[in-house]
Amino acid sequence: MQKGEFKYTFQKRLGVITVIISLLVIIISLRFFYLQIFQYDFYKLKASNNSIRTIPIEPARGLIFDRNDKVIAANQLTYNLELNKKSQYDLDELARKLTPIVKITRDDINKYQKILANDPFLDTVAIKTDLTDEEVAAFTANRYLYDDIQLVIRQKRFYSYAQITSHLVGHIHRINKADIKTLQANNKYQRYFASRHMGKTGIESSYEDVIHGYPGYKQIEVNAKNEIIQTLVTVPPIDGSNINLTIDIELQKIAFNAFKNKKGALVAIDVNNGEILAYVSQPGFDPNFFIDGINKDAWSKLNNAKSKPLLDRVIRGLYPPGSTLKPFVALAALENDIRKPPFKINDPGYFTMPNGSKTFNDWKKGGHGIVDMAEAIKVSCDTFFYGLGLELGIKRINQSLEQYFFGRKTGIDMHNERSGLLADEAWKKNKFNKPWYGGETAITAIGQGFTQVTPLQLAYATALIANPKLDQKPHLLLYSEKKALYKNNQPPPPVNEKNIKLIQDAMTDVTQDGGTAAFLGKDIAYKIAAKTGTAQVFSLKGQEYDEENLPERLKDHALFIAYAPAEQPKIALAVIVENGGHGGSTAGPIAKQVFDYYIKLNNF
Amino acid sequence: MNIVKLFQEIDHYLFGLILIIITLGLFTLASSDQSGAALVVSQIINIIIGITLMFAVILMDPKKLFFFAPFLYIASLFLLLFVVFFGYESHGAQRWINLGFLKFQPSEVIKLTTPLMLAWHYAKNDGDITLKQHLLALLIITIPFCLIFIQPDLGTALMISFVGLVITFVAGLPMKFISISFILFLLSSPLLWGILEPYQQKRIMTLFDPFSDALGSGYQTIQSMIALGSGGLIGKGWGNATQTYLDFLPESSTDFIFAVFSEEFGFLGVISALILYLLIFYRCMFMVTRMQDTFSRILSLGILMSLFFGLIINLGMISGILPIVGVPLPLFSYGGTSMVVSLISIGIIMTLYNNKTLIAN
């Protein structure tokens, strides 16, 4: 190869290299152009996602007080040991390592795993909740051994009165995936991103919107090791509102304890404004166990118990009203101008259907003799009401009862209230495909037919008799943040004053000499207007009802409706004692304890 | 007087451009430096050593380079061998020699001595270059390639071979031969793939979809692309590179320093820096075309290729079009050996250009 030739090739190939390098640099520039100009927005977002974290701040849940500012639902500070959701843990090993300091049981591990499996969005999950002071101290002293476990302070709901207010206040529970779906469907999810709990039952559920509050958040800048560099923005949460209930917790306690170990329900209402003063469902349960998920055994024990402690009997317990329905049926007759005084019957102790098809007995053998309407209520004469019912007819009975909120919701500020049942021809046809018999109308008039009522319906209807001008729904919220906000008008049924007076007087006589609850009127400074009732649980088919020897679960339900003082009514109530036998004798004294306290407290 | 001579001998245009690039690199390093000013101080010392050696080279008789070429080449091969057996391991690869007072990377040195040896080889056989000479040239390339490849340092190994191939190309390797070797390379690539370490294979694979393994082998690429992309047109400003100061960007002072620069100064900064680099390239190319003899031309071109393949591989790497292979950005990245060798290289080009007529005779 000649020198000149080499030079020629060299210069030419040098040109090729220059072009190649220039092209490569241009390609690199285009790549930078693409990333920095074209995809700028994408990478800008990526960069901030890298380094900016939003930390939700949970709002404090509003406290629940009774009408006298006694705390029913409080927030307590508790210490939890929590594990990071993103890390992997050998739980058995961890439990073994922790046990000398904080005992971790199988139950704790199961609970942790359950929450982990169902929990859609938390960053840490508790392995142990409610540490004692000693455990906190021991853990803190040995913290260096457990750098993958966090000691966290959290607010925990505490229900001070446990069973006594279990159905009334209800409880919160851990938010699960189903809750999130519902919240998202209702556009409320943004209020919950910082929360672990929400109201599940009772007041905690029905006033969730008021109590829950609004979350805040903190935006922080973190580095690649997830260490906090600085706080960029802080938006504080808006805590939930504190609320006061209409309940008087002392009255609630008296009412609850008056049941002793009997099952049943009691509702007491201020007849002037519909405020519920006591709301008892027996037996209760401790709602504190439900906050972070009750363990399986305890739950199935509660859920399967024959005494049904989880049932809120006040708004969901359905009972045949028995004779407590008589004042309302009587009022229906009066309003329809039927069997008004001085109409009387001579009660032989039984009633035969006009066509002779069937005979119904009075509860009293041999009958009550000559009775008018007032006397029929006082002595609870069945015979009088069989005839009255037949003449009035099921349609007019039901129409009138419905005006007093039987067979429909009273509108109380609780979720899942039941309507009860007012049966008629159409209902029976639909349900059993059978015709309606006249005899069924007759027994409906004494409260023994298909009719089913809740204790709340009985109490509210009683309040409407005590004060025919009561124009408020029965309600539990007194005020939120001490600002009155509950005004929920509900017009009372139209009624003739003379008619209501007759019923009121008759009910007052029930606690006087000769009345079915005469014993309650003895040695008492005020007068109680009442009506007793007994609802059959079991049809004895011709056998004698022998209360002494009947198994407990087959005994009749005892019912009692009343208000006091009879002349100037303040408080109305309904009591049901399941399997309590005769109404006056078991339910009556419970009512009296409530009245005694309330009358004395208010100097009526 | 040496200083007067030095002032005359320096290519002012080229030296000016290089000072600007070095300054940009220092500023970027200062903003990415998490350890106070320690890295900046150490880099300034590297630069002073580099420029001093560059001046020494400029004042040196270039014939000495020709004379010492084989010794320097063989010495650097021994250094590489030494690294393989006694090297100082860092980031899963043995690339360092630690002399206690001095740590350096022989693979950076070989980027200079291989072109030197090739230039010596072609100059020695000037006017009588046959296929045999080309094959010998390939051997000169293959030995350091293998030694670096087993460190393992895929990036530098590929750079050495690219540079070597460009040298054989400009030295007149027949086109026929080039085409045949290219086909052979393609055919043997599955075999070469098999030789690669799993982590190297993974790096190449994640190139096609870095987000497929965002926390693993794609992490560096993604974080670097985020740094670039979030810089936008004008950048976040000096010292405001969140990717850097929050530690998301790995190796932000060495291999990924230009990602920091891109995040801070945006596309406009990038284009300005690239224009500076291209001006350096064109100036050097101009100097090469003026050289009269084979040794000067081949050595200068080889050195230049070392610098610019470094640039292209580094920028390709940080922008996600080439795998992460660990090649620093010449004159910009933190690192003593790279900075000193780059400055010496520029010095060599200047002295060869100054003495073009002298050597030719």
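I started with A:Asn242, which touches A:Gly62, A:Leu63, A:Phe65 and A:Glu481 when residues up to four places away in sequence are left out. I took two residues as touching, or in contact, if their C-beta atoms, placed from the backbone, lie within 7 Å.

This is a predicted model, where local features need pLDDT of at least 70 and side-chain atom pairs count only at pLDDT 80 or more, while totals for chains, interfaces and linings use all residues. Residues are numbered from 1 along each chain as its sequence is written, and chains are lettered from A and ligands numbered from 1 in the order in which they are written.

I placed A:Asn242 in the loop of chain A between β9 (228–235) and β10 (243–245). Helices (H or I, at least four residues) and strands (E, at least two) are DSSP runs, numbered from the N terminus.

Is A:Asn242 buried or exposed? I noted that A:Asn242 is buried, because 20 other C-beta atoms lie within 10 Å. The cut-offs are 20 or more such atoms for buried, 12 or fewer for exposed, and partly exposed in between.

Next I looked up helix α7 (residues 177–185) of chain A. Of its 9 residues the number buried is 0, so the helix lies largely in the open. After α7(A) comes A:Asn187, with a positive phi near 60°.

Last, I turned to the two chains. I found 35 residues of chain A in contact with 37 residues of chain B. On the side of chain A that touches chain B, α1 (3–38) and α2 (40–51) are the elements that give two or more residues. The largest share, 20 residues, comes from α1(A).
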